[in-house]
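Subject: Structure handover

Hi there,

Here is the structure I promised to pass on to you. Please open it in your viewer, and my notes follow below.

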Amino acid sequence: MTASNRMKFTDRALKALKPGPARYEVWEQGRPGFGLRIAVSGIKSFIYFPRLHGETIRLTLGRYPLLSLSKAHMKHAEAADMIAHGIDPRPEKQDRERTVQALFDLYAGYLNSNSKRRVSETTKLFNANIAPRIGKKLAADIVRDDVIRLLKPIEDRGALVMRNRIKAIVAAMFNFGIQEQWVTTNPAAQIKPLTEEPRDRALKRKEIAAFWSGMHRTDLTESEQIAFRMILLTACRRNEVLWAEKAEFDFDELVWEIPGARTKN
């Protein structure tokens, strides 16, 4: 691809291109890898040659003028967005690569643009509970029974809060997939959350003392020990403590002010 075969694409300019003794390509200025191929027969096809995972791939978008220039630009933009997310836009590759893991990666990218804290927590739960079971399966092949089998072991061990959170992640991820036209149905849509039993267990004085004094005998780092003690002393939620920043503390007044974005209270 040289400067001599780059040009501004307009209908007038594309229609003026004539076939030569051999097939050749012209490339649009400002859209790397996007161009028009002119065959010896005179057939003109929009093409896109992006790089994915260090390799140049070849994608034919459609024939011109059956595919208009404006619609070719739209197809190029869609393919470029998939490339940006590490997804191969070639039709023969899409179905094979649209796994649950790939769908989640796309969903996580969306979450990351809105809340980095949320995507971190969601990714941990996905990696621990969802990816090992159904991560390699095609997203379009997942049905309601797959989700039920995913949730059953969590439910059987009595972790109802966790079970509901995993179900919510699957449901949200597939709703996003429907919006992005990756899938047509949500296999978790008709699965209801279970009633979470409130916990009224309270630590006894001896348990608190054992917890406090015995922490140094564990593998916890000093920072982790401090975090656990703060949770015990303040009754704050885990992430309210772990995500705390120095600017939230007034050490003169001994006041800790948690931003509203990080607390449910």
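Helices (H or I, at least four residues) and strands (E, at least two) are DSSP runs, numbered from the N terminus. The model is predicted, so local features need pLDDT of at least 70 and side-chain atom pairs count only at pLDDT 80 or more, while totals for chains, interfaces and linings use all residues. Residues are numbered from 1 along each chain as its sequence is written, and side-chain values use heavy atoms, with hydrogens and water left out.

**The strands around S3**

In the hairpin of S2 and S3, 5 residues sit between the strands, and glycine 30 has a positive phi near 85°. S2 (residues 24-28) pairs with S3 in the antiparallel sense over 4 bridges, and tryptophan 27 is found opposite glycine 35 of S3. On to S4: S3 and S4 run antiparallel, joined by 5 bridges, with arginine 37 having serine 45 in S4 as its bridge partner. This hairpin, too, has 5 residues between its strands, and glycine 42 in the turn shows a positive phi of about 100°.

How many residues of strand S3 (residues 34-38) are buried? The count is 5 of the 5, so S3 is largely enclosed by the rest of the structure; buried here means under 20% relative accessible area, exposed means over 50%, and partly exposed is in between (1.4 Å probe, protein chains only). Phe34, Leu36 and Ile38 point one way from S3, Gly35 and Arg37 point the other way, and all are buried.

**Aromatic rings**

Rings of Phe, Tyr and Trp (its six-membered ring) pair if their centres lie within 6.5 Å; planes under 30 degrees apart count as stacked, over 60 as edge-to-face and the rest as tilted. Searching the whole structure gives 11 aromatic pairs. One of them is edge-to-face, because the rings of phenylalanine 46 and tyrosine 64 have centres 5.5 Å apart and planes at 80°. Phenylalanine 46 belongs to strand S4 (residues 44-48) and tyrosine 64 to strand S7 (residues 59-64), so this pair ties together parts that are 18 residues apart in sequence. Phenylalanine 46 counts as buried at 0% relative accessibility, and tyrosine 64 counts as buried at 8%.

Phenylalanine 249 and tryptophan 256 make a stacked pair, with 5.1 Å from centre to centre and 20° between the planes. Phenylalanine 249 is partly exposed, at a relative accessible area of 24%. There is also a cluster, in which ring pairs link Phe104, Tyr107, Tyr110, Phe126 and Phe176.

Two arginines are worth a look as well. A charge sits over a ring if NZ of Lys or CZ of Arg is within 6 Å of the ring centre and within 35 degrees of the ring normal. The charged end of arginine 58 is placed over the ring of phenylalanine 49, 4.7 Å from its centre, and arginine 229 lies over the face of tryptophan 212, 5.0 Å from the ring centre.

**The whole chain**

The protein chain has 10 helices and 9 strands. Its C-alpha atoms fill a box of roughly 90 × 50 × 30 Å along the principal axes. Of its 265 residues, 35% count as buried.

Happy browsing, and do write back with any questions!

Note on methods: Pairing = 2+ DSSP bridges.
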